[in-house]
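Welcome! Take a moment to look over the sequence and the 3D view, and then we will walk through a helix, a ligand site and the confidence scores together.

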Amino acid sequence: MARSSKPKHERYRGDFPIVVDGLVNRFGTQTVHENLDLKVRRGEILGVVGGSGTGKSVLMRSIIGLQPPSGGNIDVFDQSITEAEPDEVLGVRDRWGVLFQGGALFSTLTVGENVEVPLKQFYPDISDDLRHEIARYKVMLSGLPEEAVSKYPSELSGGMKKRAGLARALALDPELLFLDEPTAGLDPIGASAFDRLTKELKETLGLTVFLITHDLDTLHEICDRVAVLADKKVIAVDTVPNLMELDHPWIQEYFNGPRGRAALTAQALDELRRHMDRPVAAHAVKALDKTPPGKDKA
Ligand SMILES: Nc1ncnc2c1ncn2[C@@H]1O[C@H](COP(=O)(O)OP(=O)(O)OP(=O)(O)O)[C@@H](O)[C@H]1O
């Protein structure tokens, strides 16, 4: 399993680190994906949305090679994941990190030991001291206090568990980061802090982020584009404002329904608050805050 003898790869410089072409996924008689196409741009945060059961997680699992598809092709860094031999896939697996729903931490290992798992798997030759040091650094990079390194998952809050899972996802300095509903179960303040962290990490580490979410605030705040899954396909990929213009029932219901409008208003309020020193903006924020529910807060 070790690949330390292989030369270190170059960072990907192409435009589309992930290209999904004609993906088909069937489970028995159930077809989840039928000719699904998707291109993820390098350096973007791509939000992935869709109703429950539309196959967002199956799509992510297909891209990271955990779900052999029934048809189609997936290239990651211009290399086919679907047709590659297991050994070849190993060569790209250390170039992505995954935060699964719920964190998926090993409960019998400390946070630091959890982060060390992929380091041991892919770089078995590095010294214990260096491995501990890398793990400690990743834990702090994920916004956890240094003491968290020696804590067990059961001793952490929900938000801290997500950050620990993120630290593990970042263990191998990935170019691609997969996040499956990272803000689910977090309170609004925790969710917003996690969103900010995701954006900061994307910018400072030059990540491309594939982010499955139901969280409208996340979509508005940090996603460069959003892919919408419906009818077994990706029916649209665009910025949120452009998606809101589309005449598809699910998209209209989702983005222009009451929750979608509330998220949009919250974002507008945030924008205004950033200019609170200007008296006019302060008045506008007050006025928007007082708008009765149900009335449009344009
Ligand atoms: N290993 C499997 N075997 C059989 N059916 C599966 C398997 N994995 C997923 N499915 C089915 O595929 C469909 C899509 O599942 P998936 O978890 O990708 O949905 P999702 O869009 O992520 O949903 P949610 O938003 O509720 O998490 C579901 O109907 C699910 O039951």
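Predicted model: local features only at pLDDT ≥ 70, side-chain atom pairs only at ≥ 80, totals over all residues.

**A helix and its surroundings**

*Helix H6*
- H6 runs over residues 188-205, which makes 18 residues.
- From its first C-alpha to its last, H6 reaches 25 Å, close to the 26 Å expected at 1.5 Å a residue.
- Ala-191, Phe-194, Asp-195 and Thr-198 are buried in H6.
- These four lie on the same side of H6, because they cover an arc of only 105° around the axis.
- In an α-helix there are 3.6 residues a turn, so residues three or four places apart point the same way.
- Ile-189, Glu-203 and Thr-204 are exposed on the other side of H6.
- The cover over the buried residues of H6 includes strands E3, E7 and E8, along with helices H5 and H7.

*Around the ligand*
- The residues around the ligand include Phe-27, Val-32, Gly-50 and Lys-56.
- Helix H1 (residues 56-63) gives the most to this shell, with three residues.
- Sorted by class, the shell has three nonpolar, six polar and one charged residues.

*Confidence*
- The chain averages a pLDDT of 86, and 81% of the residues score at least 70.
- Residues 1-6 stay under 50 in pLDDT, and residues 293-298 are also below 50.
- For the complex, the predictor gives an ipTM of 0.97 and a pTM of 0.86.

How values were computed. Residues numbered from 1 in each chain as written. Near = placed C-beta within 6 Å. Helix = DSSP H or I, 4+ residues; strand = E, 2+ residues; numbered from the N terminus. Nonpolar A, V, L, I, M, F, W, Y, C, P; charged D, E, K, R; others polar. pLDDT = per-residue confidence, 0-100. Contact = placed C-beta atoms within 7 Å. Expected span 1.5 Å × (residues − 1). Buried ≥ 20, exposed ≤ 12 C-beta atoms within 10 Å, placed from the backbone. Arc of directions from axis to C-beta.
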